[in-house]
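I opened this one to look up the salt bridges and the strand pairings. Entries follow in the order I went through them.

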Amino acid sequence: MYKLFIYSSFMDVHMPGMNGVEAARCIGRRAELVFVTAFENYAVEAFRQGAIDYVVKPFDEERLGDTVQRLQTRLAHPALGARDANLDTILERLATDLRERLGPQRRLGFIKASVGSTVRMIPVDEVLYFRSDTKYTLVVWQGGEALIRKTIRELADELDPEHFTQVHRSVIVNLRQVSHVRHGGNETAELQLKDRPEQLPVSRSYLHVFRQM
């Protein structure tokens, strides 16, 4: 006897690269969908057609708790919430509409950083890595180092994902500057940069980026 496993997925409507509605189309009926969004009109229509819920940002713990309770009920009794057969069609139309509305996402070309009494315009291509602390983010490039106020989360959304990837909750690295990866214990690793002495940590959550390296 085969057992069908149904999973849940929280999708942010506006994400870098593939937007949340497009990702939901790829997931299909393998998961119950919850949209987390500031674009309420998109999530509402998908919700009416079978997505289990939509959560409008910003939201609090009580609202999220309601969604989790709804998910638990649906997963325990999947027959209670059979999806409308039109959901796939609705998601396809919404994905096209959202893509046209948002347009191509602009990527950072330069980083503005204060160095002494001057403001440097650092070409993103020259950046080796970003590393954050509690208040600032250190940007290390081929010509030096500086502190900026952008957070790692903001940078992850604005940098080109073809060349930059987050490898730790506090580190984003330029993949073109990575020499090799040294895998360690407990599903962690360290990155060795080209012609640089420092090593950057890779946490378990991001290790999949380097599985083939």
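I started at D125, which is exposed because its relative accessible area is 53%. My scale for that: buried is under 20% relative accessible area, exposed is over 50%, and partly exposed lies in between, with a 1.4 Å probe and protein chains only.

A note on what I am looking at: this is a predicted model, in which local features need pLDDT of at least 70 and side-chain atom pairs count only at pLDDT 80 or more, while totals for chains, interfaces and linings use all residues. Residues are numbered from 1 along each chain as its sequence is written, and side-chain values use heavy atoms, with hydrogens and water left out.

What does the side chain of D125 meet in a salt bridge? I found R176 there, at 3.3 Å from N to O. A salt bridge here needs a side-chain nitrogen of Lys or Arg within 4 Å of a carboxyl oxygen of Asp or Glu. D125 sits in the loop between β5 and β6 (127–132) and R176 in the loop between β10 (171–174) and β11, so the pair ties together parts 51 residues apart in sequence. R176 is partly exposed, with a relative accessible area of 33%.

I then asked how many salt bridges the rule gives, and the count is three. K150 and E158 make one of them, at 2.8 Å from N to O. K150 is partly exposed at 29%, and E158 is partly exposed at 23%.

R196 and E198 also meet in a salt bridge, at 2.7 Å from N to O. Is E198 buried or exposed? I get a relative accessible area of 19%, so E198 counts as buried. R196 comes out partly exposed at 25%.

Next I looked at strand β4 (residues 110–115) and strand β5 (residues 118–123), which pair in the antiparallel sense over six bridges. For the labels: helices (H or I, at least four residues) and strands (E, at least two) are DSSP runs numbered from the N terminus. Two strands pair if DSSP finds at least two bridges between them.

The hairpin has two residues between its strands, and G116 takes a positive phi near 65°. S114 stands opposite V119 in β5.

V119 is exposed, with a relative accessible area of 57%. The areas come from the Shrake-Rupley method with a 1.4 Å probe, and for residues only the protein chains shown count as cover.

R120 is also placed in strand β5. I have R120 as partly exposed, at 37% relative accessible area. Leaving out residues up to four places away in sequence, R120 touches I111, K112, A113, V115 and W141. Contact means heavy atoms within 4.5 Å.

**The β11-β12-β13 sheet**

I moved on to an open sheet of three strands, ordered β11-β12-β13 with antiparallel pairing. β11 (178–183) and β13 stand at the edges with a single partner strand each, so one side of each has no neighbour in the sheet. Neighbouring strands here are turned by 25° against each other on average, direction ignored. The axes are lines fitted to C-alpha atoms (for helices, over the stretch in contact), and angles run from 0 to 180 degrees between N-to-C directions.

β12 and β13 run antiparallel and are joined by four bridges. Q192 stands opposite Q199 in β13.

Where is D195? I found D195 in the loop between β12 (189–193) and β13 (199–202). Its phi is near 55°, a positive value in a residue other than glycine. D195 counts as exposed, at 83% relative accessibility.

**Whole-chain tallies**

I logged five helices and 13 strands. Of the 213 residues, 38% count as buried. The chain exposes about 13,300 Å², with carbon and sulfur atoms supplying 50% of it.
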